[in-house]
Amino acid sequence: MSIYDVVIVGAGHGGAQAAIALRQAKFDGTIAVIGAEPELPYERPPLSKEYLAGDKAFDRILIRPAAFWQERAVDMLLGREVTAVDPAAHTITTADGATIGYRHLIWATGGSPRRLSCAGHDLAGVHTVRTRADADRMMAELPGVTDAVVIGGGYIGLEAAAVLAKFGKQVVLLEALDRVLARVAGPDLSRFYEAEHRAHGVDVRLGVAVDCIVGEDGKATGVRLADGTIIPAQLVIVGIGIIPAVVPLLAAGAAGGNGVLVDAQCRTSLPDIFAIGDCALHANGFADDAEIRLESVQNANDQANVVAKTITGQDAAYHAVPWFWSNQYDLKLQTVGLSIGHDATILRGDPAARSFSIIYLKAGRVIALDCVNAIKDYVQGRKLVEARAAPDPARLADAATPLKELAA
């Protein structure tokens with residue numbers, strides 16, 4: 001049985017950053033990163049953007065090249081899935097039956113795409129976007145695709161729709177709620193992106209329910225809606241969220257449910273086991289200490305840094321301003337803070353000019369900003385979120401007033 005000082009389960013952003021941060025902190029113990037995919041750690045956001053569009057080759061989205069891990073003595077155990085954790089014995093078991101011991105375990109598995117449960121969900125041509133293999137399968141099919149349906153109006157769905165439209169496909173985007181981005185943004189941003197996608201030829205349909213995927217000879221040919229309408233499609237992309245990959249930890253007795261519950265140092269309730277990234281359920285200071293999961297690169301990296309400091313004996317606690325981004329067409333959306341529970345919004349700038357910000361307030365205080373092609377607002381607005389500032393709303397709305405002037 002192999003035994004490591006630190007075993008990191010998950011070779012995504014969080015897992016990679018945990019290994020990097022440990023070495024940066026002069027940790028000289030043994031480290032192994034176990035990944036279910038065969039690839040070295042790579043950036044996932046480009047999968048539905050630049051990689052799917054063919055604008056970036058895979059080697060350009062690697063987090064670090066192979067030589068980096070070798071030089072830092074980080075063992076990459078790839079193409080292996082962890083199926084069980086024994087917290088008493090300090091061991092994990094992989095799907096091939098191997099047992100690996102650890103002194104510290106960092107769980108950084110992220111999640112698996114939520115899939116449709118209706119008839120036809122497993123037909124060829126129905127895809128999720130979570131891994132390189134997912135994107136590669138779609139790219140291989142694109143030349144034979146005329147009509148595509150995207151199910152889900154979140155960031156993944158919108159980004160995929162933008163790429164498909166760029167390729168000249170007939171795209172229909174289906175969202176069950178009454179607006180896109182309903183779970184993460186206010187109505188103003190939703191309506192802006194709906195209009196942008198329609199202007200680029202995407203048929204955005206809101207408040208619709210999918211009945212099933214129809215097909216012939218094992219391949220998808222369309223999507224049937226609850227009202228009986230059939231939308232032709234040789235390619236269906238499903239972007240309806242993720243399920244945190246935490247079954248082995250919960251089975252081992254870790255506290256949690258929708259993710260694994262962690263404290264400010266990202267410790268789980270099990271001894272010497274940490275959890276970070278998309279699968280870590282934590283009390284977030286920018287959500288009034290509500291227990292949430294944050295599905296973002298920022299969160300994964302910052303929590304990884306906290307764990308590395310904790311393991312190396314440094315004081316650390318997770319309290320980082322959340323931020324996100326999305327690229328669609330020539331629009332760069334940058335979000336800082338969490339708009340959860342906002343009770344007012346302020347529009348800053350002109351959406352018609354395709355450069356504006358939406359500021360979210362709660363009890364008069366700035367809790368988040370959505371900035372579209374407005375990098376200065378994003379950079380300067382961060383301080384307003386950090387300080388929970390309560391500036392004059394009229395000055396917030398005045399695009400001629402730099403936000404940095406309101407941070408005092």
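**Salt-bridge tour**

Select R354 and E196: they form a salt bridge, with 2.9 Å between the closest N and O atoms. The term means a side-chain nitrogen of Lys or Arg within 4 Å of a carboxyl oxygen of Asp or Glu. R354 sits in the loop between β24 (344–350) and β25 (355–362), and E196 in helix α6 (residues 187–199), so the pair ties together parts 158 residues apart in sequence. Helices (H or I, at least four residues) and strands (E, at least two) are DSSP runs, numbered from the N terminus.

This is a predicted model: local features need pLDDT of at least 70, side-chain atom pairs count only at pLDDT 80 or more, and totals for chains, interfaces and linings use all residues. Residues are numbered from 1 along each chain as its sequence is written, and side-chain values use heavy atoms, leaving out hydrogens and water.

Now colour by accessibility. R354 is partly exposed at 23% relative accessible area. E196 is buried at 11%. Buried means under 20% relative accessible area, exposed over 50%, partly exposed in between (1.4 Å probe, protein chains only).

Next, select E159 and K49. Their side chains meet in a salt bridge, 3.4 Å from N to O. E159 belongs to helix α5 (residues 155–166), K49 to the loop between β2 (31–35) and α2 (50–53). E159 is buried at 4%; K49 is buried at 8%.

Move to R44 and E37, a salt bridge of 2.7 Å, N to O. R44 is partly exposed at 24%, while E37 is buried at 17%.

Finally, zoom out. The whole structure holds 20 salt bridges.
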